[in-house]
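Thank you for coming, everyone. Please have a look at the sequence and the picture first.

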Amino acid sequence: KILSMVIPHSINIQRAPDPKSSNPVFNDGMLIENGKIIFSVVEKKAIRASQGGLVHVVFHEKGPGATHDLFVSRGRYSG
């Protein structure tokens, strides 16, 4: 829930481990709708800057400023 507080509101990500599957409800699937995490195992591959990761999507949809804000805010909430 804390990570949802720092994701920009218009970010939508659906990622399944099998690209042919339309059901991402697996241990490493991710669903973010309008910046809210519906489900996800928050792990390195879900967050990183690679294709489909949170950092990658925020950078391409919102730009470097929003990506910077994501990191600054994430650090603030991670203790």
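Let me begin with a question: which residue in E2 is the bridge partner of Gln14? The bridge partner of Gln14 in E2 is Leu31, and I will come back to that pairing once the ground rules are clear.

What you see is a predicted model, in which local features need pLDDT of at least 70 and side-chain atom pairs count only at pLDDT 80 or more, while totals for chains, interfaces and linings use all residues. Residues are numbered from 1 along each chain as its sequence is written, and side-chain values use heavy atoms, with hydrogens and water left out.

Now the overall layout. The protein has three helices and three strands, where helices (H or I, at least four residues) and strands (E, at least two) are DSSP runs numbered from the N terminus. Read from the N terminus, the order of these elements is β-β-β-α-α-α. Of the 79 residues, 35% count as buried; buried means under 20% relative accessible area, exposed means over 50%, and partly exposed lies in between, with a 1.4 Å probe and protein chains only. The protein exposes about 5200 Å², and carbon and sulfur atoms supply 55% of that area, which comes from the Shrake-Rupley method with a 1.4 Å probe, where for residues only the protein chains shown count as cover.

Let us turn to the sheet. Its three strands form an open sheet in the order E1-E2-E3, with antiparallel pairing, and the edge strands are E1 and E3, each of which pairs on one side only. Two strands are said to pair if DSSP finds at least two bridges between them. Strand E1, residues 13-15, pairs with E2 over three bridges, and E2 pairs with E3, residues 36-40, over four bridges. In this second pairing, Met30 stands opposite Ser40, and the partner of Ile32 is Ile37.

Between E2 and E3 there is a hairpin with two residues between the strands, and the loop there holds Asn34. Most residues other than glycine have a negative phi. Asn34, however, has a positive phi of about 50° although it is not a glycine, and it is partly exposed, with a relative accessible area of 49%.

What, then, lies around Ile32? This residue belongs to strand E2 and is buried, with a relative accessible area of 2%. Not counting residues up to four places away in sequence, Ile32 touches Ile7, Ile11, Asn12, Ile13, Ile37, Ile38 and Leu54, where contact means heavy atoms within 4.5 Å.

A nonpolar core is a set of buried Ala, Val, Leu, Ile, Met, Phe, Trp, Tyr and Cys residues joined through side-chain atoms within 4.5 Å. The largest one here has 14 residues, of which Ile7, Ile11, Ile13, Leu54 and Leu70 touch the most other members. The elements that give two or more residues to this core are strand E2 (30-33), helix H2 (54-62) and helix H3 (64-77), and H2 gives the most, with four residues. In soluble globular proteins, nonpolar side chains tend to be buried together.
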